[in-house]
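The text below leads through the structure one region at a time. Please keep the sequence and the 3D view at hand while reading.

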Amino acid sequence: MSGIYILIEHRQDEIRDISYELLAYGRKLAEDNNTKVTAVILGFNTEKIVEKIESQAHKIIVFDNEVFKEFNAETYQIALADLIRKDNPFLFLIGHSAFGMDLCPALATQLNLPFTTDCLAIEIADSNLRVVRHMFDGKLAAKVLLRENSSYMLTLRAGSFSAAESSLKAEIIKLDSPVSEVPDYRKFLEYIEAVAGDVDITKSDIVVGIGRGIKEQDNLAMIEEFAASIGGVVACSRPIVDADWLPKDRQVGSSGKVIKPKLYIAIGISGAFQHVAGMKGAETIVAINKDANAPIFHEADYGIVDDLFKVIPVLKEKIAEL
Amino acid sequence: MDIIVCIKRVPQTAEAEVKIDSTGKDIEKDRLTFDMNESDTYALEEAALMKEKFGGEITVISLGDEDAEETLRIALAKGADNAIRIKAEDFDELDAFQTSQILKSVIKDLSYDIIFTGCISTDDAYSQIGLTLAELLEIPHAALVIDFDANEDRADVQRELEGGLIEHLDVALPALFTIQTGINEPRYASLIAIRRAAKKEIQVIGKDELAQSEFISNSTLEKLYVPPISKQVEILDGTAAESSAKLAGIIKDKGLL
Ligand SMILES: Cc1cc2nc3c(=O)[nH]c(=O)nc-3n(C[C@H](O)[C@H](O)[C@H](O)COP(=O)(O)OP(=O)(O)OC[C@H]3O[C@@H](n4cnc5c(N)ncnc54)[C@H](O)[C@@H]3O)c2cc1C
Ligand SMILES: Nc1ncnc2c1ncn2[C@@H]1O[C@H](COP(=O)(O)O)[C@@H](O)[C@H]1O
């Protein structure tokens, strides 16, 4: 087998967690299938990044050039297509992140590689590759067989695999960039940082998260009152921010904030993995949802399967009585 | 400025009971409601906003069964000028790659400066059809767009990254953009617009009319199953008063307040 390649995701000089997760999972797959892990780094002044993952892969391929200073799907695609054509790795893994979602489908299509996205597990049997992925709002899992080929590309969900220590000493291969200029058809301009609001939900021990189950903006007052009565702050899932009912800095999740309160109460939130990514570190998780099959109950310690409009006023009273 | 928007009709499963059907590869659909895929509603609105600014025509396109025409009519009522349905019933099961190729075979002959798709379909959850389509059409792309503006030949785009960070880009047109929810405030269709849309013609394209007849599949769905439970939740049952009392007790005992 011609190896497992892992694209290292980094931004503003930080290696992103997903890279360590992919490296650890990649090493396990490599061990099971008697092959090796190669990390691929595109960047500018990459010494520190290379150093940090030296122990995590058998080989590191580095394209160090100013054109890779910022991630640019189109520039990265040119370089990676060139590398993959030459090396023909059995498996090329990318994180299912804003970075991977902007790159993988176009790159795999250009190379005519069988690919799929947002995988939670990979099974390799002979030359067959099967993956597990979720569908229908996370309510069902699917087993998917990829078209048989000598080379595949997948994106993997963040948080599905644990990062791990390793004591390898990677062979480092520096390659010249096949691109010398960022193509005119897509230019990176700048990063825009999130603006801080009046409430920092990452600082509170008690967070009450509200989701689309609240139905109408006017109903939020009830949640505000409940949160205040228990000394907590109100946070929310994405649709509440999309509708402009709460500011963006209240959003919990992959494209919002990561919180680790002592208590998180998710109310009328289904538990999409993008939301869970922001709250699974809470010490105690309570879910209140009328749908017993909502994925949030896979994450919660305690659950109430009921109508939130019935539960919240009573719960507020019961807690006040303590 | 001509704009194409790819629209998918999807079952609404967030609050519904989802049952696997007898084939083991799909869900029972008879008791589910269907609607325009969430991010596609934002893609359509973005197209409508661009049309207000620049003029031109919006064409909405959906690969779907006859019911998809209902969703396309909603799009016509919300500002689309033309609607195309590619007959899904002419094909066996399609994977995301085949869907992309079929969409490409029709879109390649249309006039466009911008193509918008949603960033994810809530049923298949691939987040891949937009970019695959862009690559097949050999045009640039940007995924997860949360702010968009354009002039005649360039687009000024903001992409959403993790943790609230945004990437600001400049992209040459024609290009494809996958639209993230929250980018705008999708409009409601007025009753007059709905009535007018009911009379508009939807162009229906069958497999025979496509330039290409073979579409390579990348993957086969072998089976669906209920994901195993990773963490055992303790369900507090009873009436609202009972479950709430139990929860209040636990919160107190664990010293969580
Ligand atoms: C790239 C990307 C990034 C994303 N980032 C984030 C993110 O950072 N954070 C985030 O939250 N989402 C994010 N999302 C969106 C995510 O996929 C889901 O769409 C979203 O989390 C769903 O929010 P929700 O649970 O409130 O709504 P839904 O999924 O619609 O669920 C509503 C829930 O409310 C329940 N309910 C309804 N009425 C009642 C009632 N009366 N009583 C009790 N329960 C009730 C329903 O049973 C259902 O479970 C992202 C998506 C993408 C594609
Ligand atoms: N059958 C279809 N017909 C038209 N557009 C589609 C279809 N399937 C997916 N799309 C578009 O591709 C986007 C992403 O879908 P996906 O890659 O399945 O997550 C959707 O938001 C739609 O804009």
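B:Asp40 touches B:Cys6, B:Ile7, B:Lys8 and B:Gly118, leaving aside residues up to four places away in sequence; contact means heavy atoms within 4.5 Å. This is a predicted model, in which local features need pLDDT of at least 70 and side-chain atom pairs count only at pLDDT 80 or more, while totals for chains, interfaces and linings use all residues. Residues are numbered from 1 along each chain as its sequence is written, chains are lettered from A and ligands numbered from 1 in the order in which they are written, and side-chain values use heavy atoms, with hydrogens and water left out.

B:Asp40 sits in helix 1 of chain B, residues 38–54. Helices (H or I, at least four residues) and strands (E, at least two) are DSSP runs, numbered from the N terminus. B:Asp40 is buried but has no salt bridge, and the nearest side chain of opposite charge, that of B:Lys8, is 8.0 Å away. Buried means under 20% relative accessible area, exposed over 50% and partly exposed in between, with a 1.4 Å probe and protein chains only. A salt bridge is a side-chain nitrogen of Lys or Arg within 4 Å of a carboxyl oxygen of Asp or Glu. For charge, Lys and Arg count as positive and Asp and Glu as negative, with His and the chain ends not counted. The side chain of B:Asp40 does reach the backbone nitrogen of B:Gly118, at 3.4 Å.

An oxygen atom of ligand 2 is 2.9 Å from a polar backbone atom of B:Gly118. A polar backbone atom of B:Gln128 is 2.9 Å from an oxygen atom of the ligand, and a backbone N or O atom of B:Tyr126 lies 3.3 Å from one. The protein covers 98% of the 490 Å² of accessible area that ligand 2 has on its own (Shrake-Rupley method, 1.4 Å probe).

The next topic is charge pairing. Side chains of opposite charge can pair when their charged atoms come close. Over all chains, the structure holds 40 salt bridges. One of them joins A:Arg11 and B:Glu162, with the closest N and O atoms 3.1 Å apart. This pair crosses between chains, from strand 2 of chain A (residues 10–11) to the loop between strand 8 (154–160) and strand 9 (166–172) of chain B. Both A:Arg11 and B:Glu162 are buried. These two residues belong to a network of salt bridges that also links A:Glu9 and A:Arg16.

A:Arg186 and B:Glu167 meet in another salt bridge, at 3.4 Å from N to O. Here the pair runs from strand 12 of chain A (residues 186–192) to strand 9 of chain B, and both residues are buried.

Within chain A, the side chains of A:Asp291 and A:Lys139 form a salt bridge of 2.7 Å, N to O. The pair links distant parts of the chain, 152 residues apart. A:Asp291 counts as buried because its relative accessible area is 10%, and A:Lys139 does so because its value is 8%.

Definitions and conventions:
A polar contact is a pair of N or O atoms within 3.5 Å; within protein, one must be able to donate a hydrogen and the other to accept it, and residues adjacent in sequence count only if both atoms are side-chain atoms.
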